[in-house]
Amino acid sequence: MGVSQPTLSKQIHTLEETLGAPLFERVRGAVGLTAAGETLLPLARRMVADADAARDAVQEIVGLRRGRVRVGATPSLCSSLVPTVLYRFRAEHPDIELHVNEGSSQDLIADLLARDLDLALIVQPEHGVDESLHTAPLLQESLVVASVRSGPPPTARVQLELDELRDQPLVMFRPGYDLRDVTLEACRRAGFTPRFAVEGGEMDAVLAFVEAGLGMALVPSMVLVNRPLLRATPLAPPGMRRTIALAHRRRAVLPHAAEALRATLLDHIATGELPIGVQPL
């Protein structure tokens, strides 16, 4: 048992005092169980078995043979970068459960603070995030103007000046959506208030509205991949970009599965093929 005889005797004596009954009887040099000891024996065996099972379960998690990771990402990343990263992670760790939450950065930050997510890919706010969160900038997204390909282009030039959207109908994201705030602030700096053709959707709905010819929208260039009905018009310099950061709770120890997913993500950014319009930092 790895302990000396006096230490073992002391531990048994302490246990007997705690339980309020002797567990062993010693007769003529032989040791046997009392009635109380007989009652405790199956429970003790169960405790040892549970301790062994607990150790094995933890080792499976540490060894990434089992576990769970909860990750969140913005819609543009869920439709481009995230699937490739999750495919690589699944190939390396097939027994890890993956839970993905798609939402705006504000919603993902709230989920992190509520401990409903382990990791989240968010748009880095200019004003920073809650001090209980840690963010690491990873990528930059380029924004373009999306318009229906069958209609007239938004500008006669190769690149569009933002002011040219002054009289164009825009398809606008719902309140609280990152790109809504980005678009409104950019238009304000350009000296005008945009005219909305329709508002209230998220990424898929906004792109569908643009495809229907309802208006134009400012979107990450990556979401227009495999959208043959849409045209992407780049913005004139300096253009518009967003910083994508990986966020998690600052003082929380990341689960082993989440740490492994983080490593896969960073390796993919460093060595893999990134979506159109995305640059590593």
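Helix H2 (35-62) contributes the most residues, seven, to the lining of the second largest pocket. The model is predicted, so local features need pLDDT of at least 70 and side-chain atom pairs count only at pLDDT 80 or more, while totals for chains, interfaces and linings use all residues. Residues are numbered from 1 along each chain as its sequence is written, and side-chain values use heavy atoms, with hydrogens and water left out.

A pocket here is an open set of points on a 1 Å grid over the protein atoms alone, with protein on both sides within 12 Å along at least five of seven lines; a cavity is a set of points where a 1.4 Å probe fits but cannot get out; lining residues have an atom within 4 Å of a point. Grid points are joined across faces, edges and corners, and a volume is the space filled by probe spheres set on the points. Helices (H or I, at least four residues) and strands (E, at least two) are DSSP runs, numbered from the N terminus.

The second largest pocket has a volume of about 370 Å³. Of its 14 lining residues, Leu15, Leu23, Phe24, Leu40 and Ala44 lie nearest its centre. Besides H2, helix H1 (5-19) gives two or more residues to this lining. By class, the lining has 12 nonpolar, one polar and one charged, where Ala, Val, Leu, Ile, Met, Phe, Trp, Tyr, Cys and Pro count as nonpolar, Asp, Glu, Lys and Arg as charged, and the others, Gly among them, as polar.

The largest pocket has a volume of about 660 Å³. Val123, Gln124, Pro125, Glu126 and Val182 are the closest to its centre among 20 lining residues. Helix H6 (178-189) supplies the largest share, six residues. The lining holds seven nonpolar, six polar and seven charged residues. This pocket lies between domain 1 (11-23 + 31-139 + 243-280) and domain 2 (142-242), because both give residues to its lining; the domain bounds come from an automatic or database domain assignment.

There are three cavities of 30 Å³ or more. The largest cavity holds about 100 Å³ of space, and its lining includes Leu121, Leu246 and Arg262. H4 gives the most to that lining, with four residues.

Leu121 also belongs to the largest nonpolar core, where Leu121 and Val219 touch the most other members of the 56. Such a core is a set of buried Ala, Val, Leu, Ile, Met, Phe, Trp, Tyr and Cys residues joined through side-chain atoms within 4.5 Å, buried meaning under 20% relative accessible area (1.4 Å probe, protein chains only).

Key
Buried < 20%, exposed > 50% of the residue type's maximum accessible area, 1.4 Å probe, protein only.
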